[in-house]
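This briefing covers a ligand site and a sheet. Please look over the sequence and structure before reading on.

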Amino acid sequence: VSADHDFHLRAGAAGDVNRVLAFWAEAAENASRPSDDPAAVVGLLNHDSGALVVAEANGAVVGSLISGWDGWRFHLYRLAVLPSWRGRGVARALLNQAERRCAASSGKRVDAMVLDDNSAGVQFWRAAGYHRQDDWRRWVKAFDG
Ligand SMILES: CC(C)(COP(=O)(O)OP(=O)(O)OC[C@H]1O[C@@H](n2cnc3c(N)ncnc32)[C@H](O)[C@@H]1OP(=O)(O)O)[C@@H](O)C(=O)NCCC(=O)NCCS
């Protein structure tokens, strides 16, 4: 029998798409990014079935992390933990698993985008050994369709 503070990690699957979207709406950093839709998450899973990892507890999604491997670098997205589950090592466990995936590939670097004013995010990434690169800015162009 699991204690109520127990969680486990598993690969997200097509059947999780709607609840992962609902989880992100509640738990993720949602400023400054394109909106989500089910087709985008299904597209991710079809591209790389190991990219989305969820933390699950008592049948509910309590954490998530996407590790995107594009054949060249690893990019981390959608690190989020349900507010009531924060401070218990869920994010660190998700990141450890993603970093193992990175280490097993030929990727030389892993990165994450962190809003400057996201204090919990900044402190989490710093504690995990990441540092901010001040000599770069991300240049983007959005595509609508
Ligand atoms: C950032 C976030 C993912 C952290 O998740 P978490 O499961 O609470 O983090 P962990 O418990 O694994 O924390 C690991 C370490 O990160 C640091 N850390 C995490 N949250 C912190 C906070 N709010 N303040 C200070 N340090 C923090 C600590 O060093 C912590 O180690 P400790 O507990 O031994 O002190 C969570 O706060 C969250 O979902 N925030 C909203 C979404 C978001 O901003 N995601 C990040 C986008 S870049």
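Predicted model: local features only at pLDDT ≥ 70, side-chain atom pairs only at ≥ 80, totals over all residues.

Which helices and strands each supply at least two residues of the shell around the ligand? They are the strand β4 (74-81) and the helices α3 (90-103) and α4 (119-127).

**Shell around the ligand**
- There are 21 residues around the ligand, and L79, V81, G87, G89 and N118 come nearest.
- The largest share of this shell comes from α4, with 5 residues.
- By class, the shell residues divide into 13 nonpolar, 4 polar and 4 charged.

- N118 places a polar side-chain atom 2.7 Å from an oxygen atom of the ligand.
- For V81, a backbone N or O atom lies 2.8 Å from a ligand oxygen atom.
- R86 has a polar side-chain atom 3.4 Å from an oxygen atom of the ligand.
- On its own the ligand has 910 Å² of accessible area, of which the protein covers 69%.

**Sheet**
- The 5 strands form an open sheet in the order β1-β2-β3-β4-β5, and the pairing is mixed.
- β1 (8-11) and β5 (110-112) are the edge strands, each pairing on one side only.
- From one strand to the next, the twist averages 25°.
- β4, which supplies at least two residues of the ligand shell, runs parallel to β5 and is joined to β5 by 3 bridges.
- H75 has D111 in β5 as its bridge partner.

Notes: Residues numbered from 1 in each chain as written. Heavy atoms only, no water. Near = heavy atom within 4 Å. Polar contact = N/O pair within 3.5 Å; in protein donor to acceptor, adjacent residues only side chain to side chain. Areas by Shrake-Rupley, 256 points an atom, 1.4 Å probe, with all protein chains shown as cover. Helix = DSSP H or I, 4+ residues; strand = E, 2+ residues; numbered from the N terminus. Nonpolar A, V, L, I, M, F, W, Y, C, P; charged D, E, K, R; others polar. Pairing = 2+ DSSP bridges. Axes fitted to C-alpha atoms, helices over the stretch in contact; angles between N-to-C directions.
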